[in-house]
Amino acid sequence: MSDIKVAEKSRKLLTEPLSIFALVAVVIFAYNAWSGNSDTSDAMAAGDRDVVVIDDATVAMLQENFTWLEGRQPSEAETQLLISQWVDEEVLFREALAQQMHLSDSKMRAHLIEKVRMLWAGSPEPVDEAELLDFYMENMESYYTEPTLSFTQVYFEELPADADEVLTTLKAGSTVEGEPFWLGKNLNSYSESILRSSFGGEFYETLKSAPVDQWVGPVESVRGFHFARVSHKGEPELMPYKAVRERLDQDWSAHHRRQNVSARTETIKERFTIVLGASGG
């Protein structure tokens, strides 16, 4: 057989779903064998193969992912929550493998976890109005509007050389012509999420803490440099029950699906030994 045909068959083998799963499994078991500490070895020697090890590397990975997404280090409580969520997902992943879902589906961990959750979530019975109102009352903190900001701006794509003079002129009440900005000069009642996504978190935080009716700047955003005067800061307001009735129905269903999954997960977790703080080596 020619080298070309061998190479083609090798590539085809590595693209088969079952081959990919087998390869991942080999890597996982090889890593566990290499990094296992005395706690893990003792558990394996006792014949308990359902061992979930949360070692220092796993915790560091969870913290690194959190930092990348949130832009800050997680607190101790947030780290414990990350670990708890990871354990739940690991248990769901192993349950998926135990049910041999991988034999008919080529997607990996995330897909299998979601598949088990969907199987366990079920379909809640239709909720009556009284029960839905109780749910609204118990979860009011989730039904507030976002804070908003209204402000006037003078925009420059590049930092102007006379930035201090520009700010002094604006504070004196004179007009300064900046450059065109796609949202215009006057932004009224823009929500926090829109401002963060359009300008960046630091820009939003700067304007949020700026005095009302006072020019500040230059404030850098992901789009350039801004001199801004905040005219109004809108506080979060509770949305009336009727205004969120449709959303409440969806949230209630999602809440009970999560409860179903959580209950089943806790039952399955009883089969596992959870090992904390095993760093390996």
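Select Val-154 and look across to strand S5: its bridge partner there is Phe-227. This is a predicted model, where local features need pLDDT of at least 70, side-chain atom pairs count only at pLDDT 80 or more, and totals for chains, interfaces and linings use all residues. Residues are numbered from 1 along each chain as its sequence is written, and side-chain values use heavy atoms, leaving out hydrogens and water.

Now colour S2 (residues 148-156) and S5 (residues 225-234), which pair in the antiparallel sense over nine bridges. Strands here are DSSP runs of E, at least two residues, and helices are runs of H or I, at least four residues, numbered from the N terminus; two strands pair if DSSP finds at least two bridges between them.

Val-216 has Ala-228 as its bridge partner in S5. In the hairpin of S4 and S5, with four residues between the strands, pick out Gly-224, whose phi is positive, near 155°.

Stay on S5 and click His-232. His-232 is partly exposed, at a relative accessible area of 45% (buried is under 20%, exposed over 50%, partly exposed in between; 1.4 Å probe, protein chains only). Beyond its neighbours within four places in sequence, His-232 is in contact with Thr-148, Leu-149 and Ser-150 (contact means heavy atoms within 4.5 Å).

Finally, zoom out: four strands form an open antiparallel sheet in the order S3-S2-S5-S4. S3 (186-191) and S4 stand at the edges with a single partner strand each, so one side of each has no neighbour in the sheet.
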